Amino acid sequence: MAAKATHKKPNNAGDLSENNLPTEAELLRMPESEYMNERQLGFFRDRLRQLEQEILSNAGATTEHLRETQFVPDPADRATIEEEHALELRTRDRERKLLKKVQQSITRIDSGEYGWCEETGEPIGLRRLLARPTATLSLEAQERREMRQKMFGD
């Protein structure tokens, strides 16, 4: 594994107002020399916080929905309701895991490590981060990891 590159901690990245945050198009037009500048970090912090709030809101809705106990005498209807509950719980479990990654990504923004590959220290890239804001590996490093997992079953 390559040594991690060290990156400067952003100055006041969290102080950006929503009005000053770039759009996706503006983000993609920025030169490579401005990679993970304050505005870009602010954009991703905002996006991650919105995702965090959405996940927490969904969890609250699920809790309320599951509290609504329904007595249904028909076994087929009861089985349908139980299957819907099981599906909803599986979805929330996936979201719980995503929430952890979102919170870790916000921590990486605070420490100045966000946007940089954990394995190589190279930039992850804006397009990849737009598609998957919780990415911690560059596309190439992720492909290598998946290939190793496929070969060795890790």
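**View 1. Glutamate 95 and arginine 92 join side chains in a salt bridge, 3.0 Å from N to O.** A salt bridge here is a side-chain nitrogen of Lys or Arg within 4 Å of a carboxyl oxygen of Asp or Glu. This is a predicted model, where local features need pLDDT of at least 70 and side-chain atom pairs count only at pLDDT 80 or more, while totals for chains, interfaces and linings use all residues. Residues are numbered from 1 along each chain as its sequence is written, and side-chain values use heavy atoms, with hydrogens and water left out. Why are glutamate 95 and arginine 92 separated by about one helical turn? Because they sit 3 residues apart in helix α3, which covers residues 75–111. Helices (H or I, at least four residues) and strands (E, at least two) are DSSP runs, numbered from the N terminus. Is glutamate 95 buried or exposed? Glutamate 95 has 17% relative accessibility, so it counts as buried, while arginine 92, at 21%, counts as partly exposed. The cut-offs are these: buried means under 20% relative accessible area, exposed over 50%, and partly exposed in between (1.4 Å probe, protein chains only).

**View 2. Arginine 108 has two salt-bridge partners, glutamate 113 and glutamate 118.** With glutamate 113, the closest N and O atoms lie 3.6 Å apart; with glutamate 118, they lie 3.3 Å apart. Arginine 108 is buried at 9% relative accessibility. Its two partners are partly exposed, glutamate 113 at 32% and glutamate 118 at 29%. Elsewhere, salt bridges that share partners tie Asp93, Arg96 and Lys97 into one network. How many salt bridges turn up in a search of the whole structure? The count is 11.

**View 3. Helix α3 has 37 residues, and its end C-alpha atoms are 54 Å apart.** That agrees with the span it should have at 1.5 Å a residue, also 54 Å; the expected span is 1.5 Å times one less than the number of residues. Several α3 residues are buried, including Ile81, Glu88, Leu99, Val102 and Ile109. What covers the buried residues of α3 includes α2 (38–67). Just after α3 comes glycine 112, with a positive phi of about 85 degrees.

**View 4. Tyrosine 35 and tryptophan 116 make an aromatic pair, one of 3 found in the whole structure.** Their ring centres are 5.0 Å apart and their planes stand at 90 degrees, so the pair is edge-to-face. The pair links distant parts of the chain: tyrosine 35 is in the loop between α1 (24–29) and α2, and tryptophan 116 is in the loop between α3 and α4, 81 residues away. For the terms, rings of Phe, Tyr and Trp (its six-membered ring) pair if their centres lie within 6.5 Å; planes under 30 degrees apart count as stacked, over 60 as edge-to-face and the rest as tilted.

**View 5. Phe43, Phe44 and Tyr114 gather in one aromatic cluster.** Phenylalanine 43 and phenylalanine 44 pair edge-to-face, 5.2 Å from centre to centre with 90 degrees between the planes. Phenylalanine 43 is buried at 9% relative accessible area, and phenylalanine 44 is buried at 0%.

**View 6. Serine 138 sits in the loop between α4 (126–131) and α5.** It is buried, with a relative accessible area of 5%. What does serine 138 contact, leaving aside its neighbours within four places in sequence? The answer is Cys117, Pro123, Ile124 and Arg128, where contact means heavy atoms within 4.5 Å.

**View 7. Met147, Met151 and Phe152 form a nonpolar patch on the surface.** Together they have about 370 Å² of accessible area, with areas from the Shrake-Rupley method using a 1.4 Å probe and, for residues, only the protein chains shown as cover. Patches are built from residues with over 30% relative accessible area and no salt bridge: like charges are joined within 9 Å, nonpolar side chains (Val, Leu, Ile, Met, Phe, Trp, Tyr) within 5 Å. Methionine 147 belongs to helix α5 (residues 139–152) and is partly exposed at 47%.
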